Amino acid sequence: MVVGGSLLAGGYLLAAFGLPFNLPSSVPKPNTKERSLLCSEIVEPKAVLSREQLAQLMTVPERSQRSKVQEIVKQPYCRLPGLSIRVGATTERELYPLSFDPQTSLLVLYEGQTYVGYGFKRF
């Protein structure tokens, strides 16, 4: 009876502090190998993007200066090979893993000194 009461009290304390009763046995981990295979150049291996940085980036309109975006996002994790999406322009791509969702990365696109958009890549 005393043991059962102790377990009940322990469970009550966990619930009171908002702690889970069963901790997950495996937390999703980023697939850094797959991410690195896409990259042509690793720039900052520890780079991650926070929710606050992502929210700030969402306020920057397309066709803004590249420097305005880089001021927010800082150094990327890596650069991907350039693409030719529009005739006469090379699209540069930089990858930023999300700190709050390690399996997802933000892909920022530039044409020269112009920010042209973003996308998400799940690994």
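A disulfide is a pair of cysteine sulfur atoms within 2.5 Å. In general terms, such a link is a covalent bond between the sulfur atoms of two cysteines. In the predicted model described here, a search of the whole structure finds one disulfide. Its partners are Cys39 and Cys78, whose sulfur atoms lie 2.0 Å apart. Distant parts of the chain are linked by this pair: Cys39 belongs to the loop between α2 (32–38) and β1 (41–42), Cys78 to strand β2 (residues 78–83), and 39 residues separate them. The angle about the S-S bond is -60°, and the link of Cys39 and Cys78 is left-handed. Both Cys39 and Cys78 are buried.

The confidence of the prediction was considered next. The average pLDDT of the protein chain is 83, and 76% of the residues score at least 70. Over residues 6–25, however, the pLDDT falls below 50, and this stretch has five contacts in the model beyond near neighbours in sequence.

The protein chain contains four helices and five strands. Read from the N terminus, the elements follow the order α-α-β-α-α-β-β-β-β. The chain has 123 residues, of which 33% count as buried. Among contacts in the protein chain with a separation of 6 or more, 49% involve residues 24 or more positions apart.

The five strands form an open sheet in the order β1-β2-β3-β4-β5, with antiparallel pairing. Strands β1 and β5 (114–122) stand at the edges and have a single partner strand each, so one side of each is left without a neighbour in the sheet. As a general principle, strands of a sheet pair through backbone hydrogen bonds, either parallel or antiparallel.

The pairings within the sheet can be followed from strand to strand. Strands β2 and β3 run antiparallel and are joined by four bridges; Arg79 has its bridge partner, Glu94, in β3. Eight bridges join β3 to strand β4 (residues 101–111), again in an antiparallel arrangement, and Thr91 has Glu111 as its bridge partner in β4. Strands β3 and β4 form a hairpin, with two residues between them. Strands β4 and β5 also pair in the antiparallel sense, over eight bridges; here the bridge partner of Tyr110 in β5 is Tyr115.

Strand β3 (residues 91–98) is largely enclosed by the rest of the structure, because seven of its eight residues are buried. Leu98 is located in this strand. With a relative accessible area of 5%, Leu98 falls under the 20% limit and is therefore buried. When residues up to four places away in sequence are not counted, Leu98 touches Leu49, Thr104, Ser105, Leu106 and Phe120. Leu98 and Gln53 are 45 residues apart in sequence, while their C-alpha atoms are 9.8 Å apart in space.

The structure holds two aromatic pairs. One of these is formed by Tyr118 and Phe120, with 5.8 Å from centre to centre and 80° between the planes, and is edge-to-face. The relative accessible area of Tyr118 is 38%, and that of Phe120 is 48%. Because both values lie between the limits of 20% and 50%, Tyr118 and Phe120 count as partly exposed.

Charged side chains are also found over aromatic rings. Arg66 lies over the face of Tyr110, at 4.1 Å from the ring centre. Tyr110 is the residue whose bridge partner in β5 is Tyr115. Lys121 lies over the face of Phe123, at 5.6 Å from the ring centre.

Methods
Residues numbered from 1 in each chain as written. Heavy atoms only, no water. Buried < 20%, exposed > 50% of the residue type's maximum accessible area, 1.4 Å probe, protein only. Phe/Tyr/Trp six-rings, centres within 6.5 Å; stacked < 30°, edge-to-face > 60°. Lys NZ or Arg CZ within 6 Å of the ring centre and 35° of its normal. Pairing = 2+ DSSP bridges. pLDDT = per-residue confidence, 0-100. Contact = heavy atoms within 4.5 Å.
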